[in-house]
Amino acid sequence: YSEPVLTRDNTSHPFRFRSLSIIIVNYNSGHRLGNLLRELTQAQTALNTELEVNIVVVDNSSHDESAMR
């Protein structure tokens, strides 16, 4: 359930959420991780700067040093 959110023009949208959590499970994909995080950040900016986005990356014992990136 989400309470109505007032937008910049003070109109109410009953199904508009205030936050979004994205969980990424990674295994040996460190070479793609940086690009993915950049794209998600750019999409957040382009779509709605009022939306709070939490991105969590869980590394599943990668051997490619993904956790270091």
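The accessible surface of this chain comes to about 5600 Å², and 55% of that belongs to carbon and sulfur atoms. Areas here come from the Shrake-Rupley method with a 1.4 Å probe, and for residues only the protein chains shown count as cover. Keep in mind that this is a predicted model: local features need pLDDT of at least 70, side-chain atom pairs count only at pLDDT 80 or more, and totals for chains, interfaces and linings use all residues. Residues are numbered from 1 along each chain as its sequence is written, and side-chain values use heavy atoms, with hydrogens and water left out.

Now for the layout. You'll find 1 helix and 4 strands, and reading along the sequence gives β-β-β-α-β. Both kinds of element are DSSP runs numbered from the N terminus: helices are H or I with at least four residues, strands are E with at least two. Of the contacts with a separation of 6 or more, 61% are between residues 24 or more positions apart; a contact means heavy atoms within 4.5 Å.

What about the inside? Buried residues make up 16% of the 69 residues. Buried means under 20% relative accessible area, exposed means over 50%, and partly exposed is in between (1.4 Å probe, protein chains only). Glycine 30 is one to look at in helix 1, which covers residues 30-47. Glycine 30 counts as buried because its relative accessible area is 3%.

Back on the outside, Ile23, Val25, Val56 and Val58 form a nonpolar patch with about 360 Å² of accessible area together. Patches take residues with over 30% relative accessible area and no salt bridge, joining like charges within 9 Å and nonpolar side chains (Val, Leu, Ile, Met, Phe, Trp, Tyr) within 5 Å. A salt bridge, in turn, is a side-chain nitrogen of Lys or Arg within 4 Å of a carboxyl oxygen of Asp or Glu. Strand 3 (19-26) and strand 4 (52-59) each supply at least two of the patch residues. Isoleucine 23 sits in strand 3, and it counts as exposed because its relative accessible area is 61%.

Serine 19 is in strand 3 too. With 41% relative accessibility, serine 19 is classed as partly exposed. Setting aside neighbours within four places in sequence, serine 19 touches Leu51 and Glu52. Asparagine 54 is 35 residues away from serine 19 in sequence, and the C-alpha to C-alpha distance is 7.7 Å.
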